Amino acid sequence: MTSPVRLALLGCGTVGAEVVRLLHEQSADLAARVGAPLEIAGIAVRRSGRDRGDLPVDPALFTTDALGLIKRDDVDVVVEVVGGIEPARGWLVEALRAGKSVVTANKALLAEDGGALHDAAAEGGGDLYYEASVAGAIPLLRPLRESLHGDRITRVTGIVNGTTNFILSAMHATGAGFAEALEEATELGYAEADPTADVEGFDAAAKAAILASLAFHSRVAAADVHREGITEVTAADVASAKAMGCTIKLLCIAARGADGQGREAVSVRVHPAMIPVTHPLASVGDAFNAVFVEAEAAGQLMFYGRGAGGAPTASAVLGDVVAVARNRLAGVRAASESAYADLPVRPMGEALTRYHISLDVADRPGVLESVAGVFARHDVSIATVRQGPAAGAAGAAGDAVLVIVTHVAPDAALAATVGELRGLDIVRSVASVLRVEGGL
């Protein structure tokens, strides 16, 4: 065995502690896979005196000076599991420019300014790996980054947030409303005390940006991603989806195709959508993640597993650590960022999708004709119409419910249609609007 590969660990929370445990428990196997022992040179934390319980690590390794730890000459690889934008960005840029390899799980930083990290890696000659930033333990980014490099990926559709998937799965199974399902998710530990990043789609949008960047060889940032959360999804929406043979999922969708001027571009969006129960993603329940990849030669591929949690995420982190450590011992580096395509991101209005629209309307002759006229004026074709009596206390006598599903159209035309419907006297309210995906 050669000299140890020395690691600087930034952060020792849920994921960091699992990284330490796995390094200790699997030290012999990891050394055999790398060709040298993996040793922790230091662990940067916010408070060095905190009780770490039975964590198998020398307390002397803890420090509050992250930058000082990174700059040490005996550090080969920096592992960052702190999260957030700053100071993590400054630390990792410093490490990469100094020629050290970096393994990070920081989806927010990669989605906001991954370009700065890739530029620093190119400057310093080290590796930048981030498998754990999307979908936890699921091997996903490496296949996109390496295994599918000989193919042309056309579309990536995924469930990449376990909290929202648990909530929507519970609503589908029990008929509960959003608030009740969120409460259950919080009690079971699937939702944070402040669930905003999850339920409003910020977490999924960051992951969508990373997936699109890799799949389409273009730099895509979180700000480029159209984002909608699940807080407006109701039990009535879920029931309507069931009646259509569908379920509702928070999807990240990234696709490449021609824009309005015929130029190749990418579309990246995160929003709740109905998908048929026959779609492979429909059966993904609980807090699991899954990503459905479509490529010209490989066809359809699906990656499935636990997308969060200390142990699954630590597994992905250590997989990257082994890879970069082996590269350092061999004196090579992994393939650099592939952003040669530099495709522009299409505005959401140009995205092709379908709408499911539920309208509370006056129940009198001519209503359906007037509603259909609005769709026609915006060049939106109607696929199906379902009419029934208004239900519940809000439904006044003489009112009815219209449920309309459209054919595929630009999102801008669909949104304009809904906007005009809201202004019709015969429309009491637009009860819900959901997109429909998956070839129903």
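Colleague: Why is Glu-296 called exposed?

Modeller: The model is predicted, and in it Glu-296 has a relative accessible area of 55%. Exposed means over 50%, so Glu-296 counts as exposed.

Colleague: What makes Glu-296 and Arg-152 a salt bridge?

Modeller: Their closest N and O atoms are 3.1 Å apart. The cut-off is 4 Å, so the pair qualifies. Glu-296 sits in the loop between strand 11 and strand 12, and Arg-152 in the loop between helix 6 and strand 7, 144 residues apart. Arg-152 is partly exposed, at 32%.

Colleague: Which salt bridge does Glu-437 form, and why is Glu-437 called buried?

Modeller: The partner of Glu-437 is Arg-155, with 3.2 Å between the closest N and O atoms. This pair also links distant parts of the chain: Glu-437 is in the segment after strand 17 and Arg-155 in strand 7, 282 residues apart. Arg-155, at 22%, counts as partly exposed.

Colleague: How do you know that Arg-89 and Glu-112 form a salt bridge?

Modeller: The closest N and O atoms are 3.9 Å apart, and the limit is within 4 Å, so the pair is counted. Arg-89 belongs to helix 4 and Glu-112 to helix 5, so the bridge ties together parts 23 residues apart in sequence. The whole structure has 26 salt bridges.

Colleague: Why is the pair of Phe-166 and Tyr-190 called tilted?

Modeller: The ring centres are 4.6 Å apart and the planes make 35°. Centres must lie within 6.5 Å, stacked needs under 30 degrees and edge-to-face over 60, so 35° leaves tilted. Phe-166 lies in helix 7 and Tyr-190 in the loop between helix 8 and helix 9, so the pair joins parts 24 residues apart in sequence. Phe-166 is buried at 7%, whereas Tyr-190 is partly exposed at 30%.

Colleague: What makes Phe-288 and Tyr-304 stacked?

Modeller: Their planes are 5° apart, with 5.3 Å centre to centre. Since stacked means under 30 degrees, 5° gives that label. Phe-288 is in strand 11 and Tyr-304 in strand 12. Phe-288 counts as buried at 18%, and Tyr-304 is partly exposed at 48%.

Colleague: Why does Glu-187 count as exposed?

Modeller: Glu-187 has 61% relative accessibility, and the threshold is over 50%, so the term applies.

Notes:
Residues are numbered from 1 along each chain as its sequence is written. This is a predicted model: local features need pLDDT of at least 70, side-chain atom pairs count only at pLDDT 80 or more; totals for chains, interfaces and linings use all residues. Side-chain values use heavy atoms; hydrogens and water are left out. Buried means under 20% relative accessible area, exposed over 50%, partly exposed in between (1.4 Å probe, protein chains only). Rings of Phe, Tyr and Trp (its six-membered ring) pair if their centres lie within 6.5 Å; planes under 30 degrees apart count as stacked, over 60 as edge-to-face and the rest as tilted. Helices (H or I, at least four residues) and strands (E, at least two) are DSSP runs, numbered from the N terminus. A salt bridge is a side-chain nitrogen of Lys or Arg within 4 Å of a carboxyl oxygen of Asp or Glu.
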